[in-house]
Amino acid sequence: MAQGQQPATGGQAMAYGNDTLQTLDYWPGTGAKPPLILFVHGGGWKRGDKDNATGATKVDHYTGLGYAFASINYRLVPDATVEEQAQDVADAVAFLRSKAGTLGFDPDRIVLMGHSAGAHLVALVGTDMRYFAKAGLQPDAVKGVIPLDGAAYDVPKQMAQGGRVMADTYEQAFGADPARQKALSPTLHAVRPNAPAFLILHVDRTDGTAQSNALAAALKQAGTPVEVHALEGRGLRGHMQINRSMGDPAYPGTAMVDAWLKRLFG
């Protein structure tokens with residue numbers, strides 16, 4: 001494994017649902033009622049894991065800043081739908097909020113962070129409030145959303161322009177129904193209500209750059225506070241690097257996220 005991809009250890013394992021994949025690991029923060037960073041892994045909606053996608057770098061970095069940290073598993077395609085995956089993310093937020101007093105973090109200072117397919121899922125949950133509503137949550141159940149190098153914020157456009165490499169993955173995840181594809185597109189849900197703030201990061205990938213900028217523009221037009229930043233790194237290697245290196249003090253994206261979180265949490 002590359003540096004930053006080593007599985008983090010010492011987290012408290014919990015189940016937020018009845019399925020074997022509806023689980024999470026939690027690491028406490030320090031001080032009185034620290035904020036919580038909740039991470040959602042990538043893997044093309046069909047693979048990936050809370051352990052190998054998170055890496056010890058993130059956990060050590062964010063808990064070192066005093067934040068609590070959690071990383072979730074969610075049900076995977078084809079055994080589950082993308083809609084069910086988004087609901088898993090919302091349900092994990094609801095579960096953790098219900099345990100905030102016991103776990104010792106501030107339920108009103110939660111940020112969702114996700115990479116790749118996880119970036120799509122956190123953006124979807126942060127724009128389409130049906131998932132939070134079904135989980136019994138309000139739009140401000142999280143204080144902010146950080147999507148890392150997603151490229152399916154506008155699903156129909158991505159499926160039309162994304163090339164053959166990912167075509168089968170997108171078809172398996174989103175199907176052939178244009179209405180369903182639109183319903184699973186965060187950019188097309190960016191009218192309010194949304195989560196209160198977004199930080200969208202991307203590397204030098206043509207589709208990821210265009211999709212990130214379009215999502216940011218839609219959020220901005222709706223009056224939702226949003227920042228979008230480009231990071232070095234090209235293609236698949238850059239796409240993997242943003243996840244592996246996030247939390248490494250030498251990685252420029254780490255400082256961007258740290259500064260944004262400090263402003264957000266006060």
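Colleague: What share of the contacts in the chain with a separation of 6 or more comes from residues 24 or more positions apart?

Modeller: A contact here means heavy atoms within 4.5 Å. In this chain, 77% of the contacts with a separation of 6 or more join residues 24 or more positions apart. Keep in mind that this is a predicted model, where local features need pLDDT of at least 70, side-chain atom pairs count only at pLDDT 80 or more, and totals for chains, interfaces and linings use all residues. Residues are numbered from 1 along each chain as its sequence is written, and side-chain values use heavy atoms, with hydrogens and water left out.

Colleague: How much of the chain is buried?

Modeller: Buried means under 20% relative accessible area (1.4 Å probe, protein chains only). By that cut-off, 56% of the 266 residues are buried.

Colleague: And which residues lie nearest the centre of the largest pocket?

Modeller: A pocket is an open set of points on a 1 Å grid over the protein atoms alone, where a 1.4 Å probe fits, with protein on both sides within 12 Å along at least five of seven lines; lining residues have an atom within 4 Å of a point. Here 33 residues line the largest pocket, and Gly43, His115, Ser116, Leu236 and His239 lie nearest its centre.

Colleague: Which helix gives the largest share of that lining?

Modeller: Helices are DSSP runs (H or I, at least four residues), numbered from the N terminus. Helix 10 gives the largest share, six residues. Within helix 10, Gly238, His239, Ile242, Asn243 and Ser245 are buried.

Methods: Helix = DSSP H or I, 4+ residues; strand = E, 2+ residues; numbered from the N terminus. Buried < 20%, exposed > 50% of the residue type's maximum accessible area, 1.4 Å probe, protein only.
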